[in-house]
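User: I have a model open here and would like to talk through a few of its features. Could we start with a single residue?

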Amino acid sequence: MASGVIDLSIRPREKLTSGRLILRIIIVISAIGIVMALAFLPDPAHAASHPVEIKMGDTPAKYKPAKITVKVGEPVEWVNTGKNVHSVTLVPSDAQNPKDATEPKGASTFDSGFMAPGSKFTYTFTVPGTYHYFCVPHEKAGMVGVVVVKK
Ligand SMILES: [Cu+2]
């Protein structure tokens, strides 16, 4: 970078060439900027190829994070990182509190069933909106989660 700038000042006579060099430097600086942006900001393409992960722990029994926002078609993966059985359930008839199991109009309900420690459950949302789900054994203990799905 710095040496490139010095090279330019050595040949001030070549106006056309220096103009081209300035353009090249601008391109290089832009490329560096893009690389830095990719390194420090979340990359949507990267996020799409790796599911968004939610950990399920025991003390307290919680989803971490309890609330996430994803895009339609972006897979979400729940991992039971605890030693107890958990679940990822959006079945209104199984909920003790109706507010813990809601889905947008036209969306399907889903249920992982009981998940043993170390097991995973993946679900891909196809209808945008807000989903409230819960853990069957720990709903009363406050193990509830929210997924906001954007178009
Ligand atoms: Cu649980």
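User: Which strand does Phe134 lie in?

Analyst: Phe134 lies in strand β8, where strands are DSSP runs of E, at least two residues long, numbered from the N terminus. Keep in mind that this is a predicted model, in which local features need pLDDT of at least 70, side-chain atom pairs count only at pLDDT 80 or more, and totals for chains, interfaces and linings use all residues. Residues are numbered from 1 along each chain as its sequence is written.

User: Is Phe134 buried or exposed?

Analyst: Phe134 is buried, because 25 other C-beta atoms lie within 10 Å; the label buried needs 20 or more such atoms, exposed means 12 or fewer, partly exposed falls in between, and C-beta atoms are placed from the backbone.

User: And what is Phe134 in contact with, beyond its sequence neighbours?

Analyst: Leaving aside residues within four places in sequence, its contacts (C-beta atoms within 7 Å) are Thr89, Ala95, Asp100, Ala101, Glu139, Met143 and Val144. Phe134 and Val144 are 10 residues apart in sequence, with their C-alpha atoms 4.2 Å apart in space.

User: How many bridges join β4 to β7?

Analyst: There are 5 bridges between β4 and β7, which run antiparallel, and Val79 has Lys120 in β7 as its bridge partner.

Notes: Two strands pair if DSSP finds at least two bridges between them. Helices (H or I, at least four residues) and strands (E, at least two) are DSSP runs, numbered from the N terminus. Two residues are in contact if their C-beta atoms, placed from the backbone, lie within 7 Å.
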